[in-house]
Amino acid sequence: MRQFFVVVPALLILAACGGGNPLKITRSPCPAAGTLQYASDVTLFSPETSRDASAIDVTAAITNVRATCAESADRLNSQLSFDVVAQRTNAGGARDVTLPYFAVVLRAGDQLLSKQIGSVTLRFEDGQLRTRTTGYARSDISRAAASLPENITREINRERKPGDADAAIDPLAAPEARAALRNASFELLVGFQLDDAALAYNVGK
């Protein structure tokens, strides 16, 4: 499924430091949080085998993804929450709809480290067309794995004075710096657990 991943860039902030290196790099080691393309929404049909617009029963989408990260000396623990908003076409009768979802931890954009499976249950009261609920996921990552090697950090943050041969060169442009940054970048991404037919429907929309 790698082709369906939306890679969320690592958090990099270029901050001016008075009297020091004007290109000081401050980087958060915590995983970026987001959703996966083609897996952030789901459509249920009635009958299930139909793909006609007139057969749409329930639609739902993952939104408002947010994460908090607790940092310790050797671990990075992220707690992620997200909203699931849903709508049905027939408001008659109370109804529960359970939707499975998954959360993956990726390293370097394409290395799958772990996958969690969960589910959310949406409650429609009689006469209610729209509803929402909240889902959760977590990750536990080694701080060492999410840290840049000291030699790379030192080279990136090395003070460059006007007139130096490399003063105008972006320190992150070096291949070894880009590779190290990519390898130390993690993501915690969520999406609906879709079967082949549901995934194909999303891709084709």
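This is a predicted model: local features need pLDDT of at least 70, side-chain atom pairs count only at pLDDT 80 or more; totals for chains, interfaces and linings use all residues.

**The disulfide up close**

A: A disulfide joins Cys30 to Cys69, with 2.1 Å from S to S. The term here covers a pair of cysteine sulfur atoms within 2.5 Å. In general, a disulfide is a covalent bond between the sulfur atoms of two cysteines. Residues are numbered from 1 along each chain as its sequence is written, and side-chain values use heavy atoms, with hydrogens and water left out.

How many disulfides does the structure hold? Now find its two ends: Cys30 sits in the loop between β2 (24–27) and β3 (32–35), and Cys69 is in strand β5 (residues 56–71), so the pair ties together parts that are 39 residues apart in sequence. Strands (E, at least two residues) are DSSP runs, numbered from the N terminus.

Next, look along the bond itself. The torsion about the S-S bond of Cys30 and Cys69 is about -80 degrees, which means the disulfide is left-handed.

And are the two ends buried or exposed? Cys30 is buried, at a relative accessible area of 13%, whereas Cys69 is partly exposed, at 29%. Those words have cut-offs: buried is under 20% relative accessible area, exposed is over 50%, and partly exposed is in between, using a 1.4 Å probe and protein chains only.

Technical notes. Helices (H or I, at least four residues) and strands (E, at least two) are DSSP runs, numbered from the N terminus.
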